[in-house]
Amino acid sequence: MDIAQEITHYETNPAIMYKLGHIEAQLAAINAKLDVKEAAQDAVIEALRKDVSQLKDWRMLQLGAAGAISFIIGILTKVVTWLNLS
């Protein structure tokens, strides 16, 4: 039997076609579940990206505040020293 005859044989065999249809349905269900899981993972990844961005922003604010406080302390140190000398 050549390949064309085998394909025709399988296509005309109802039991084989039924099994293939069942397998296709199972694969479609698996793909749907994977799509749902992938979408959920994408949502989690996006949420984590936002959290990291917020943490970076918060860290920048902390560093900026520390710099401002250091600057003010530096000025006050100079002013107090200058007032003590006068």
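**Figure 1. Accessible surface and secondary structure of the protein chain.** In this predicted model, the protein chain has an accessible surface of about 7,900 Å². Carbon and sulfur atoms account for 68% of that surface. Of the 86 residues in the chain, 0% count as buried. The secondary structure consists of 2 helices and 0 strands.

**Figure 2. A nonpolar patch on the surface, with Trp82 among its members.** The patch is formed by Phe71, Ile72, Ile75, Leu76, Val79, Trp82 and Leu83. Together, these residues present about 730 Å² of accessible area. Trp82 belongs to helix α2, which spans residues 14–85. The relative accessibility of Trp82 is 59%, and this residue therefore counts as exposed, the cut-off for that class being over 50%.

**Figure 3. Contact between the side chain of Thr77 and the backbone of Ile73.** Thr77 is placed in helix α2. A polar atom of the Thr77 side chain lies 2.7 Å from the backbone oxygen of Ile73. Because its relative accessibility is 45%, Thr77 counts as partly exposed; this class lies between the limits of 20% and 50%.

**Figure 4. The salt bridge between Arg49 and Glu46.** Side chains of opposite charge can pair when their charged atoms come close. In this model the count comes to 1 salt bridge. Arg49 pairs with Glu46, and the closest N and O atoms are 3.8 Å apart, a separation to be read against the cut-off of 4 Å. Both Arg49 and Glu46 are located in helix α2, with a spacing of 3 residues, about one turn of the helix.

Figure 5. Arg49 has a relative accessibility of 55% and so counts as exposed. Glu46, in contrast, has a relative accessibility of 38% and therefore counts as partly exposed.

How values were computed. Residues numbered from 1 in each chain as written. Predicted model: local features only at pLDDT ≥ 70, side-chain atom pairs only at ≥ 80, totals over all residues. Heavy atoms only, no water. Patch = residues over 30% accessible without salt bridge, like charges linked within 9 Å, V, L, I, M, F, W, Y side chains within 5 Å. Areas by Shrake-Rupley, 256 points an atom, 1.4 Å probe, with all protein chains shown as cover. Salt bridge = Lys/Arg side-chain N within 4 Å of Asp/Glu carboxyl O. Helix = DSSP H or I, 4+ residues; strand = E, 2+ residues; numbered from the N terminus. Buried < 20%, exposed > 50% of the residue type's maximum accessible area, 1.4 Å probe, protein only. Polar contact = N/O pair within 3.5 Å; in protein donor to acceptor, adjacent residues only side chain to side chain.
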